[in-house]
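Try each task before reading its solution.

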Amino acid sequence: MNFLLKRLAFYLVAFLVAATFNFLIPRLMPGDPTDIMLSHADGTIPPEAREALKATFGFIDEPLHIQYGKYLSSIFTWDFGTSVKFFPLPVTDVLLTALPWTLLLTGSALAVSFSIGTLLGILAAWRRGQGVDMVLSPLALAMQSVPAMVVALTTLYIFAIGNPILPTGYAYDPALDPAVSLTFLGSVATHAILPVLTLSLVFTGGYLVTMRNNMIGQLGEDHVHMAEAKGLSDARVRYAYAARNALLPSVTALALSFGALFGGSLVTEVVFNYPGVGNLLYLGILARDFPLIQGQLLIMTLAMLTANFTVDIAYIFLDPRLRKA
């Protein structure tokens, strides 16, 4: 219990620090959102209308500390104001529309990359120094080094442009109306293949390398040698004695990578025009949509902290020593 209370206090402080940065970053960006909104009006908007428009979106010239106080208040009321880019929709509605698509994308990519990377890492460690390891280890390092943008453009060219067997973008066929039907769900699955493939290729290498290194460390432990001396099968020694203990650091890497995956989905969503929160952040930056940027960054922060807290809870079940802490 003490362990959980300490972690909760830590995450509360981390959230306040992250929220402060979320408040400051848009205000440090060059450009005025009102100027961008009225750029096509060629100066025909009278000053009174301009001030009224700024007041509507909350762009009032107040001292920074007063703006910060209102911003913190909006977090707890979950009211981020009106979006500039998608006027007159509230930011909350815009984010709630996009969030399920990003969760679908990142959740699927996380499940695929962690499962494949962990299993291949176990195999590479068990066959260390042999042909399988000599192929998988360099390949994993190479996969880690390639930027997501390059992977996304490559998969787009190979499977959607050079060989048009998969759609080039968006979350589903625009000709369909969203509904719980096999046709619509099939369209969603088909449109998610390339973005999920891109994110999975980027992150599988990291899980493979982490699990391989952890596994090699465990294979030298006494309890593994004892299991082998008992004559247990290779599969039982590999998974029940070595892989189970080696999995603990990989779970930590899983939490950290979820934040990176959530943030890294921005590039993938932009390339495939996927309607997630990453694409929203890109559109919000172009429009200097401060309310939307703040709301999106806050969602990203909450997702990362929630993932880390979930891992802390998982640690309690995986490591009995923490239950007594």
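A residue counts as buried when its relative accessible area is under 20%, as exposed when that area is over 50%, and as partly exposed in between, using a 1.4 Å probe and protein chains only. Helices (H or I, at least four residues) and strands (E, at least two) are DSSP runs, numbered from the N terminus. The model is predicted, so that local features need pLDDT of at least 70 and side-chain atom pairs count only at pLDDT 80 or more, while totals for chains, interfaces and linings use all residues. Residues are numbered from 1 along each chain as its sequence is written, and side-chain values use heavy atoms, with hydrogens and water left out.

**Exercise 1.** Find the residues that are buried in helix α11.

*Solution.* Begin by locating helix α11, which covers residues 277–286. Within this helix, V277, G278, N279, L280, L281 and G284 are buried. Continue just past the end of α11, where R288 takes a positive phi of about 50 degrees.

**Exercise 2.** Describe how helix α6 and helix α8 cross.

*Solution.* Two packed helices are described by the angle between their axes and the distance between the axes. Axes are lines fitted to C-alpha atoms, for helices over the stretch in contact, and angles run from 0 to 180 degrees between N-to-C directions. For α6 (residues 131–145) and α8 (residues 182–219), the axes come within 8 Å and cross at roughly 130 degrees. Angles under 35 degrees count as roughly parallel, over 145 as roughly antiparallel, 65 to 115 as roughly perpendicular and the rest as oblique, and α6 and α8 are therefore oblique to each other.

Next, list the residues in contact (heavy atoms within 4.5 Å): those of α6 include D133, L136 and S137, and those of α8 include L208, V209 and R212.

**Exercise 3.** Is R212 buried or exposed, and which residues does R212 touch?

*Solution.* R212 is placed in helix α8, and because its relative accessibility is 18%, R212 counts as buried. Setting aside residues up to four places away in sequence, R212 touches G121, A124, A125, R128, D133 and S137.

**Exercise 4.** Which residues does L110 contact, leaving aside its neighbours within four places in sequence?

*Solution.* L110 lies in helix α5 (residues 91–126) and is in contact with Y207, L254, S257, F258 and L261. The C-alpha atoms of L110 and L254 are separated by 8.3 Å, although these residues are 144 residues apart along the chain.
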